[in-house]
Amino acid sequence: GDRLGIWSPNCAEWALTQFATHKIGVILVNMNPSYRRTELDYAINKVSCRGLVMATSFKDSDYEAMLAELVPELAEHSIGAELQAARAPSLRHVIRIDGPASRGMLGFADLLAEPSSEELAQLAEIGSELQFDQAINIQFTSGTTGSPKGTMLTHHNIANNGYLTGVHMKFTPEDKCCICVPLFHCFGVVLATMCCLTHGSTQVMVERFDPLITLASIHKERCTVLHGVPTMFIAELNHPMFSLFDMSSLRTGIMAGALCPIELMRQVNEKMFMDITSVYGMTETSPGMTQT
């Protein structure tokens with residue numbers, strides 16, 4: 001029932017944190033990597049985050065500086081003890097993905113320790129108490145009509161939605177999905193990560209979208225699936241080095257998130273060898289409610 005925020009671009013630690021929180025009944029709170037301090041303040045306090053897993057920076061955003069401004073108490077905080085912060089009263093722990101424990105923050109790598117038999121027994125006990133209809137993920141809506149709303153999603157929401165999307169796309173353990181859509185969004189965390197998890201497929205993560213890195217990842221890893229919004233596919237098709245990469249391993253993928261022009265879908269089909277599907281819905285439906 002505790003809330004744990006995650007504020008980071010795509011990375012293995014993101015997925016690991018997602019799976020870990022789901023297994024122990026902690027509600028994962030997805031935070032946009034582009035958040036500024038005011039948005040971080042809003043998200044942490046809106047849903048009373050007890051912990052925060054964060055990267056050090058993203059693009060031109062200095063996460064540590066923004067957090068220090070919101071929680072100056074971190075500077076004098078003893079690592080491992082529970083934090084007491086005036087402007088974030090619910091926050092007790094901060095875990096930094098890239099780097100060792102310092103400045104009042106735990107290091108993510110320091111937590112990757114072999115569990116004791118007592119901890120494994122506790123995990124099994126917690127697991128036996130979890131129900132599929134309990135909330136396990138909070139995602140914020142865009143906030144176009146006011147402040148973003150925290151949408152509460154359940155185990156069943158995200159697992160079933162990812163599973164059924166994969167069924168329609170004929171996912172198997174042989175598939176490799178290139179994930180260049182952001183994990184903080186339902187496109188990444190449900191239609192990519194949960195789709196792969198429920199079918200035993202491989203995730204090939206791109207930290208943040210770059211058409212060249214995406215094309216190179218598909219070529220090198222022989223990806224069979226690629227997700228993206230229309231502008232991502234346009235950037236890939238129009239990249240001057242597109243012809244240097246072998247796209248023949250691709251078979252399917254999702255194009256969604258905006259209007260998908262017929263001509264663009266035709267080009268993706270012909271030049272990237274993909275039978276594209278479109279999945280639409282809302283954050284509240286986590287997210288797919290139609291698929292064509």
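Modeller: What follows covers the pockets, the cavity and some elements beside them.

This is a predicted model, in which local features need pLDDT of at least 70, side-chain atom pairs count only at pLDDT 80 or more, and totals for chains, interfaces and linings use all residues. Residues are numbered from 1 along each chain as its sequence is written, and side-chain values use heavy atoms, with hydrogens and water left out.

The search runs on a 1 Å grid over the protein atoms alone. A cavity is a set of points where a 1.4 Å probe fits but cannot get out. A pocket is an open set with protein on both sides within 12 Å along at least five of seven lines. Lining residues have an atom within 4 Å of a point. Grid points are joined across faces, edges and corners, and a volume is the space filled by probe spheres set on the points. Helices (H or I, at least four residues) and strands (E, at least two) are DSSP runs, numbered from the N terminus.

The largest pocket holds about 1,200 Å³ of space. Its lining has 29 residues, and Ala 20, Thr 21, Ile 24, Ile 95 and Leu 111 lie nearest the centre. Helix 1 gives the most to this lining, with seven residues. Strand 1 (3-7), strand 3 (49-54), strand 6 (93-96) and helix 4 (117-129) are among the elements that each supply at least two. By class, the lining of the largest pocket has 17 nonpolar, six polar and six charged residues. Here Ala, Val, Leu, Ile, Met, Phe, Trp, Tyr, Cys and Pro count as nonpolar, Asp, Glu, Lys and Arg as charged, and the others, Gly among them, as polar.

Thr 21 sits in helix 1. Thr 21 counts as buried because its relative accessibility is 3% (buried means under 20% relative accessible area, exposed over 50%, partly exposed in between, with a 1.4 Å probe and protein chains only). Beyond neighbours within four places in sequence, Thr 21 is in contact with Leu 4, Val 26, Leu 28 and Ile 136. Contact means heavy atoms within 4.5 Å.

Helix 1 (residues 12-24) also packs on helix 6 (residues 186-199), at an angle of about 75° and with the axes 12 Å apart. Helix 1 is therefore roughly perpendicular to helix 6 (65 to 115 degrees). Axes are lines fitted to C-alpha atoms, for helices over the stretch in contact, and angles run from 0 to 180 degrees between N-to-C directions. Trp 14, Gln 18 and Phe 19 of helix 1 meet Val 189, Thr 193, Met 194 and Leu 197 of helix 6. Five of these contact residues are nonpolar, two polar and none charged.

The second largest pocket has a volume of about 420 Å³. It is lined by 22 residues, and Phe 140, His 185, Cys 186, Phe 187 and Thr 283 are the closest to its centre. Strand 2 (27-31), strand 8 (135-140), helix 6 and strand 15 (279-281) each give two or more residues. This lining divides into twelve nonpolar, ten polar and no charged residues.

Phe 184 lies in the loop between strand 10 (176-179) and helix 6. Its contacts beyond four places in sequence include Trp 14, Asn 30 and Gln 139.

One cavity of 30 Å³ or more is found in the whole structure. Residues lining the largest cavity include His 77, Arg 92 and Leu 106. Four of its lining residues are nonpolar, four polar and one charged.

Methods. Parallel < 35°, antiparallel > 145°, perpendicular 65-115°, else oblique.
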